[in-house]
Amino acid sequence: MKKKLFITLLGISLLGLGLDSCKKNINGPAGDPNTGEVFGIQGDQVGRPGIATVFVAAADKDAFNQTQPSAMSAAFQSKFQTQLQAYNGGNYTTNILGLDAPTFTGVLSSDVLNVSTTGTTTYYDGKNVLTGRNLTDNVIDISLTLIFGGPNGTANPGLTSDHVPANDKPFLTSFPYEAAPW
Amino acid sequence: MKKKKLLIGIGLFALILTSGLIWASDHADAPSVKGKSDDITDLYVFQSPTNPNNLVFIGNVQGLLSPALTANASFDPNTLIEFKINSTGGLVEDHVIQCVYNNGKMYIYGPAAPITTGATSTIVGNASLIIPVTSYTANAPTVVTSTSGISGFAGPRDDPFFFDLNQFHAITGGTATSFNNPGKDSFAGTNVMSVVLEIPKSLLPNVPKLNVWMQTKQHM
């Protein structure tokens, strides 16, 4: 009787172990807990810095996050252009990159970060344009200048820089490059 | 009306933005993600300063963490952090790098061709790298490197974003007409949860220009 009970209990505990292992292996080879798992509820989305918050109206923000980049320009270019003109009292003509309103907003409304694999990577350094984004890039001043600065970058001088040129901590010269937390 | 004293451009600017938007890179940008673990703050992609044969990908989430909040912050196992790459034009991803948190570790998958694209993400293959998450109180960041040359870090970092957001609010709210000089970084003293990956370019599409974007998704 005791032997039967023992065997039964042993069997149940082994079964329990088996079930536990099954759950871990259900999505792939032993040890990887995530292989094959599906994530389908859209959260947030970012390409270039600040695009959604500058150009997307509050009512459209969730929709913007649900729109894949391949469909973004068709859905949002016109709205971005309206917003750009509104920022400039209807007087936007071009900026320091020589982009007119349709072209500029055409670029911005496909919200992806362009990255060069062959050379300098920067949002803009006066010479290289949209070849990446590094930690020290002053994306705010760059963006403000492109939106408000006019053909030479000198229009609206009170709006083209927030005069915060750098991060609150120096970045690291080696991986992981970002500074330790406060 | 106060706004008559401002430039017409600023007036319209303020009208458009007084619905409470904040221009803070992407910090807390949309109602459905605001304040949640899937809120993205910033994406950075740049050539490694220590090795021009590598690209560095940085994806930051959960912005505006004070030190106290950071001490209790963690990645969410139900949130996928994903870097999407398009190398052929058309802006549909042809490579993905996926980051999934599980039990103290950040699992990195790819770079690899996606199984599904767009609104659904499926974890591809087995992890290329498993990164023990660095705790808030650690003296040094934990860094791991795979045999394929991918280095990874996951954990809290000083928020690298800098902007005088408060003055921007004053401008859009009509109480100021310009930025101050010097300005004051509204993100000073705050942290984010960060994933940093340094990836050999040889593991990425062999084209001169990539298009990259970052998404977070919740588990179905």
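B:Gln62 sits in strand 2 (residues 54–65) of chain B, where strands (E, at least two residues) and helices (H or I, at least four) are DSSP runs numbered from the N terminus. The model is predicted: local features need pLDDT of at least 70, side-chain atom pairs count only at pLDDT 80 or more, and totals for chains, interfaces and linings use all residues. Residues are numbered from 1 along each chain as its sequence is written, while chains are lettered from A and ligands numbered from 1 in the order in which they are written.

Although not a glycine, B:Gln62 has a positive phi of about 60°. B:Gln62 is buried, with 27 other C-beta atoms within 10 Å; buried residues have 20 or more such neighbours, exposed ones 12 or fewer, and partly exposed ones fall in between, with C-beta atoms placed from the backbone. B:Leu64, also in strand 2 of chain B, has a positive phi near 60°, but counts as partly exposed, with 17 C-beta neighbours inside 10 Å. Most residues other than glycine have a negative phi, and most peptide bonds are trans.

Two cis peptide bonds are worth a look. One joins B:Gly110 and B:Pro111, with omega about 0°, and B:Pro111 lies in strand 5 (residues 105–112) of chain B. Another runs from B:Asn181 to B:Pro182, with omega near 5°; B:Pro182 belongs to the loop between helix 3 and strand 10 (191–200) of chain B.

Turning to helix 3 (residues 165–172) of chain B, its buried residues are B:Leu165, B:Gln167, B:Phe168, B:Ile171 and B:Thr172. B:Gly174, with a positive phi near 85°, follows this helix.
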